[in-house]
Amino acid sequence: MKKTTITLSYDEEKLNALRLYIDQKNTQIESELESALDVLYQKHMPSGVREYIDMRSGTFSAPAPKARRSKSVFSAVGTSETEVKE
């Protein structure tokens, strides 16, 4: 998928402090910001649109089929004949 660049303003002193601590964890601000954007995308983008974009980019994997539920022995009017207790 094609990447784009985002530019934003942030307090320089806070950014320098953040870089200092993130560097100690052997990571980069850019990767942390990318992860945060992915969370925002998942939160706000409807699932149908996400699936469409994934299909266009070739990263779509169909969700696993849901497990079938077994039918209950209870009917709308009570228990079945095999469940009636004397």
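Q: How many salt bridges does the structure hold?
A: Side chains of opposite charge can pair when their charged atoms come close. This is a predicted model, and the structure holds 1 salt bridge.

Q: Which side chains meet in that salt bridge?
A: The side chains of lysine 3 and glutamate 34 do, with 3.4 Å from N to O. Lysine 3 lies in the segment before α1 (12-24) and glutamate 34 lies in helix α2, so the pair ties together parts that are 31 residues apart in sequence.

Q: Does lysine 3 count as buried or exposed, and what about glutamate 34?
A: Exposed means over 50% relative accessible area, and buried means under 20%. Lysine 3 has 65% relative accessibility, so it counts as exposed. Glutamate 34 has 43%, so it counts as partly exposed.

Q: What about arginine 50: which side chain of opposite charge is nearest?
A: A salt bridge needs the nitrogen and the carboxyl oxygen within 4 Å. For arginine 50 the nearest side chain of opposite charge is aspartate 54, 6.2 Å away. Arginine 50 is therefore buried without a salt bridge.

Q: Where is the place of arginine 50, and what lies 2.6 Å from a polar atom of its side chain?
A: Arginine 50 is in helix α3, which covers residues 47-57. The backbone oxygen of methionine 45 lies 2.6 Å from a polar atom of the arginine 50 side chain. Leaving aside neighbours within four places in sequence, arginine 50 is in contact with Tyr41, Gln42 and Met45.

Q: What pattern does the protein chain follow along the sequence?
A: The protein chain has 3 helices and 2 strands. Read along the sequence, they follow the pattern α-α-α-β-β.

Q: How much of the protein chain counts as buried?
A: Of its 86 residues, 3% count as buried. The accessible surface of the chain comes to about 8900 Å², and carbon and sulfur atoms account for 54% of that surface.

Q: Which residues make a nonpolar surface patch?
A: Ile6, Leu8, Tyr10, Leu37 and Leu40 make one of about 540 Å². Take leucine 37 as a case: its place is in helix α2, residues 29-44. Leucine 37 has a relative accessible area of 44%, so it is partly exposed.

Q: Which residues does methionine 1 touch, not counting residues up to four places away in sequence?
A: Methionine 1 touches Ile53 and Ser57. Methionine 1 is in the segment before α1, and at 70% relative accessibility it counts as exposed.

Q: How are glycine 58 and methionine 1 placed in sequence and in space?
A: The two are 57 residues apart in sequence and 8.8 Å apart in space, C-alpha to C-alpha. Glycine 58 is found in the loop between α3 and β1 (74-75). Its relative accessibility is 61%, so glycine 58 counts as exposed.

Q: Which residue has a positive phi although it is not a glycine?
A: Asparagine 26 does, with a phi of about 55 degrees. Asparagine 26 is found in the loop between α1 and α2. With a relative accessible area of 75%, asparagine 26 is exposed.

Definitions and conventions:
Residues numbered from 1 in each chain as written. Predicted model: local features only at pLDDT ≥ 70, side-chain atom pairs only at ≥ 80, totals over all residues. Heavy atoms only, no water. Helix = DSSP H or I, 4+ residues; strand = E, 2+ residues; numbered from the N terminus. Buried < 20%, exposed > 50% of the residue type's maximum accessible area, 1.4 Å probe, protein only. Lys, Arg positive; Asp, Glu negative; His and termini not counted. Polar contact = N/O pair within 3.5 Å; in protein donor to acceptor, adjacent residues only side chain to side chain. Contact = heavy atoms within 4.5 Å. Patch = residues over 30% accessible without salt bridge, like charges linked within 9 Å, V, L, I, M, F, W, Y side chains within 5 Å. Areas by Shrake-Rupley, 256 points an atom, 1.4 Å probe, with all protein chains shown as cover.
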